Amino acid sequence: MSALVQLVGVSKTFGDAAAVHAVDLSVERGKTTVLIGPSGCGKSTLLRLIIGLLGPDSGEIQFDGTQLRPDKIDIVRHRAGYVIQEGGLFPHLTARGNILLMARHLHRPENEMRARLSELRALTRFPENLLDRYPLELSGGQRQRVSLMRALMLSPELLLLDEPLGALDPLVRAALQKDLKEIFARLRQTALLVTHDLAEAAYLGDEIVLMNEGRIVQQGSLSDLRDKPTSNFVSEFINAQRSLAVL
Amino acid sequence: MRRIRKTGKQETFIRIVLFICVPAFLIFFSGSLRAAPVFIGSKKFTESYVLGEIAKRSLIDAGISVEHRQGMGGTIILWEALRSGQIDVYPEYTGTITQEILKRTDQLNFEQIASELGKVGIGVTEPLGFNNTYALVMSRSRAEKLGLRTVSDLRNHPELKFGLTHEFLDRQDGWRPLAQDYQLNPRSVIGIDHALGYAALTNGSIDVKDAYSTDAKISENDLVVLEDDHHFFPQYKAVLLFRYALPAPTITVLRKLEGTIDEAKMVRLNAEAERTKNYTRAAGLYFEPATTSTRLRQGYGAASNATSTTWTAGENFSHKLARWTLRHLELAGSSLLLSVLVGIPLGIWASRGGATGHVILGFAGVVQTIPSLALLALLVPLPFFGISVRTAIAALFLYGLLPIVRNTATGLQDIPRGLRESAIALGLSSTARLWQIHLPMASRSILGGIKTSAVINVGTATLAALIGAGGLGEPILSGLNLNDHATILQGAIPAAVLALLVQSLFDLLDRVLIPKGLRL
C-alpha cells in the first residue's frame, strides 16, 4: 500500500533556528505512525506542516499523491482530523456543537450527521447526556473524547494527534490509550501521533519515528530502536524512559 | 407656566456654603494685614479686570497707594469682601446691584440704588458711561443686506437662525420674554456655547446670537448690535462701589471716572485686553486722548451671575425632561450605533496586528486624549458639521470608538493559539471562523467595550448642549451659567440615572449575547 502522506526534504526555519531540517517521511495507510522525541525536536512542527498551519520553506509534502498547495489546503483539511493536547474545543459551543461544527458548515444531511454522531459516541464511549454540556463542564478525559469525535466526524482519511493525552492524569490516560488503540484498529485509521512518552508510542504505534533537533534520527519498531540504535542519542533516549523496564 | 423656586432647605444650604466659603475666600485673598493702600477688587472677567486697572491707575496718578486684587470671583464674593472691608472698591453693574445685591425684582432708579447702598455704608459713583447688557448681534454684512437695524426688524425674518447662550435662553430677562415682547417667532432657536457661537456666526451656521453689548468680539468679528428699540433689556450701567470709610480725596478721584467710558470705548478696551492679555496696557488706552466714537447703540453687561431662574415658557417640567432625555438618548444612541458599526470592523482589522493595527489603535487612542470640548470646537468650523446635532454625534462617535476598537482587538487576540489553529485545521472558511468562532469567543470583551462606550457617551452627551444639540446638558449648562443648583440637578440627576440604566441594560445584554459556555 502506498503512503497517504509523503514528506520529501521538508525544511522549516523559525528565525535562525531550523525547526525541521530536510525531513523525509512516509505515513502509511491504515497504520499508526508515532513521532517521538524531546521537546523542541520538531515533531509538532511536522504535524502543523502537514495540516497546513505552516508552510514548508523547502521540500514537498504530498497528500494522497498530490502536492499540498496553500490554495488547495482546505481539501486536505476536510480529509484530515486534528486533535491537540488541550482538546482545542470551542468553549462557547456544546460538545455536540463542537463535534458537528464542520459537518454543519458543509451542510451535511441532518440524519447522516445524527447517525455518525451516535456511531462515534459508541466508539469513544461517550455518554449521550453529556453531549449538551459545554467544554468547561466536562473533565479532561471527556474533553479529549469529544475532540476525537470532532476530528473523526467527517470520516477523515488521516488523523493527526498532537500529544492528545499529554495533559491527562495516568488512569484516564491509560483508559484513553486503550480506547484509542481500539478505535484505530476498528476504523483501520491512518494516524500520525505525536508524543514524548515512549510507552505510549510503543503501545499505539506501528511505526515509531524518533526525532532530534529537527531531523529524523531513527525509524522502525520499538525493538529496532532498542536493539539496533543508530546513534548514542537513540540509546540514551530509550534508556531515559523509565517505563522501558516494563516493556 | 412653571416656576422653579429655591426651597427653604436649598436656601439654608446655600447660606451654609456661603458662610463657609466666603470667609475662606476672603482669608485666601486678603493676605495678612491690611496696610494703608486702597484695595480694588474685580470680578473674573475681562471688563471687570480692565475697570479695576483704570481705577488703579487713576489713584496712582493722584499719588494714592493702591493694590488691585484681580478676578476674585463673582458678585457675592466681591460684595461681601467690600462690606467686610477686605477691599475698598470694585466695579459693578446697576442691574446686578438691584437683582443680586439688593434682591429686588422691580427696577430701581439710580437714586434708589444709591440710597439703599448708603444704608450699609457703601457708596456708588454715578454710571461710568456705558451700559453692558444683553444685546442681539448679527454679522454686519448680513444685517446690511437684509436691512436690519433694530430687534423689531427681526420680526419679518422668521427664517433667521438664532443661536443663543443657555444662560440667555433661561434668564428671566432673556429669550422668552424678549421674543414675547417683540413677537419674534423664528423657526430655529438653538442653545450654543458663547465662544462657539461667534464661530457659528462667522461661518453662517447661525444668523443671530446674544452677546454683551461691550463684548470685544463685536468689533473683532465685525458684528452689529441690533438696537433694543423696545428698551426690553434692563440697564446694566457700570459703576464703582466703594466704602464710605475711604478718605475723601480717594473718593473724589474715583468720581472723576463718572461718565467717561462709552460703549465704543469699552469695546475697544476689552478688545485690547483680550488681544494682548495685558489688562494694565488695555486700561492705559483709557488715559490716551479720546479718538473716534462709535456706532454702538445699546449694550449692557449682565456679565455677572443672576441667581434666580424663572421659566416663563408654557412648557411644563415633565415635558421638558422628556424632551431632554429623548434627545440625550438619541445623541448617545446614534453615536453608539456608529461606534459599534465602525469600531468592531476596525477592531477586527487591528487584531491582525502589523502596522495597520498600530495605526488604528493609535488613532483611536489619540482621539480619546482630545478634551471633549476641544473636539467639539475642532469639528464646528468644518464645512459638513458646523453647529448641529451632526457635530455632537460625530464627536461622541469618535469618543466611543476607542473602547470598542481596543476591546474587540484584545478580545480577538486573547483567543488561545490552539483554538485558532483548531478552527483553521478543521477547514472552516475565514468568514465562518470569524462569525462562528472568533466573534463569539471575544463577545465578552467586545460587549465590555460597547458598555464602556455607552456610559462614556451618555456622560459626554451632556456637552452636546454647548453646540445647541440639546439633551440633558441643556439644564446643566443653564444652571452652571446661572449658578443655580436646582437647574443643574434637573439635568445631572436624569443623566446619572440614565448612565446607571444603560449600565444595567448592558448587564442584561451580557446574559443574552455572551454564549452560555463562556459564562460558566
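Two strands count as paired if DSSP finds at least two bridges between them. Strands here are DSSP runs of E with at least two residues, helices are runs of H or I with at least four, and both are numbered from the N terminus. This is a predicted model, where local features need pLDDT of at least 70, side-chain atom pairs count only at pLDDT 80 or more, and totals for chains, interfaces and linings use all residues. Residues are numbered from 1 along each chain as its sequence is written, while chains are lettered from A and ligands numbered from 1 in the order in which they are written.

**The sheet in chain A**
- Six strands of chain A make an open, mixed sheet, running S6-S7-S8-S3-S9-S10.
- Strand S6 (80–83) and strand S10 (215–220) of chain A each have a single partner strand, so one side of each has no neighbour in the sheet.
- Inside the sheet, S3 (residues 32–36) and S8 (residues 190–195) of chain A pair in the parallel sense over five bridges.
- Across that pairing, Thr33(A) sits opposite Leu192(A) in S8(A).

**Where chains A and B meet**
- Counting residues as in contact when their C-beta atoms, placed from the backbone, lie within 7 Å, the contact takes 21 residues from chain A and 18 from chain B.
- On the chain B side, helices H18 (417–426) and H19 (430–460) are the elements that give two or more residues.
- H18(B) provides the largest share of that side, seven residues.

**One residue in chain B**
- Leaving out residues up to four places away in sequence, Val89(B) touches Val38(B), Ile40(B), Ala55(B), Leu240(B), Leu241(B), Phe242(B) and Leu254(B).

Methods. Two residues are in contact if their C-beta atoms, placed from the backbone, lie within 7 Å.
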